[in-house]
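Thank you all for coming. I would like to take you through one chain today, and please have the sequence and the structure open while I speak.

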Amino acid sequence: MRESPPQDIVRDEVWTIAHQTEMCNASFTPEKRECLVVTPETHSSDSSPFHVLRGAIAGFDYEPGHKYRLLVTVTYFANPPQDDGNPTYALKRIISMEKV
């Protein structure tokens, strides 16, 4: 019996984006840059409630001083390109935006 090829995993998640960024290493380079601070609504209680997002959210233009709730499509590629990040993130919609 032949195995089926691995499939990409695509799911929608609700994230809170903090009103300020943090400096982090950019993906695949030692350079520092501003990165978003993200709290997924589905984080587990035994892990940190937030993480620093090193990649971009396609279609999202962050404005400093604003806190956001976003619906984000997260795609984990079964066979990701070596020169690109895995997973990738795409804005589905802005649920709310609040000036802080």
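This is a predicted model: local features need pLDDT of at least 70, side-chain atom pairs count only at pLDDT 80 or more; totals for chains, interfaces and linings use all residues.

Residues are numbered from 1 along each chain as its sequence is written, and side-chain values use heavy atoms, with hydrogens and water left out.

The chain has zero helices and seven strands, where helices (H or I, at least four residues) and strands (E, at least two) are DSSP runs numbered from the N terminus. Along the sequence this reads β-β-β-β-β-β-β. Of its 100 residues, 27% count as buried, which here means under 20% relative accessible area, with exposed being over 50% and partly exposed in between (1.4 Å probe, protein chains only). Among contacts, meaning heavy atoms within 4.5 Å, those between residues 24 or more positions apart make up 58% of the ones in the chain with a separation of 6 or more.

Which residues of the largest nonpolar core touch the most other members? They are Trp15, Ile17, Leu36 and Ile57, out of 13 residues; such a core is a set of buried Ala, Val, Leu, Ile, Met, Phe, Trp, Tyr and Cys residues joined through side-chain atoms within 4.5 Å. At least two residues of this core come from each of strand S1 (9–17), strand S3 (32–40) and strand S6 (66–76), and S6 gives the largest share, four residues. If we set aside neighbours within four places in sequence, the contacts of Ile17 include Leu36, Val38, Ile57, Tyr62 and Leu70.

Turning to pairing, which requires that DSSP finds at least two bridges between two strands, strand S5 (residues 57–58) runs parallel to strand S7 (residues 88–99) and is joined to it by two bridges, with Ile57 standing opposite Tyr89 in S7. S6 and S7, in turn, pair in the antiparallel sense over ten bridges, and Thr73 has Ala90 in S7 as its bridge partner. Thr75 also lies in strand S6 and counts as buried, because its relative accessibility is 13%. Not counting residues up to four places away in sequence, Thr75 touches Ile9, Val10, Asn86, Pro87 and Thr88.

Although 44 residues separate Pro64 from Gln20 in sequence, the two are 5.8 Å apart in space, C-alpha to C-alpha.

Last, consider Ala18, in the loop between S1 and strand S2 (22–25), which is partly exposed because its relative accessible area is 24%. Leaving aside neighbours within four places in sequence, Ala18 is in contact with Val37, Tyr62 and His66, and its C-alpha lies 6.5 Å from that of Val38, 20 residues away in sequence.
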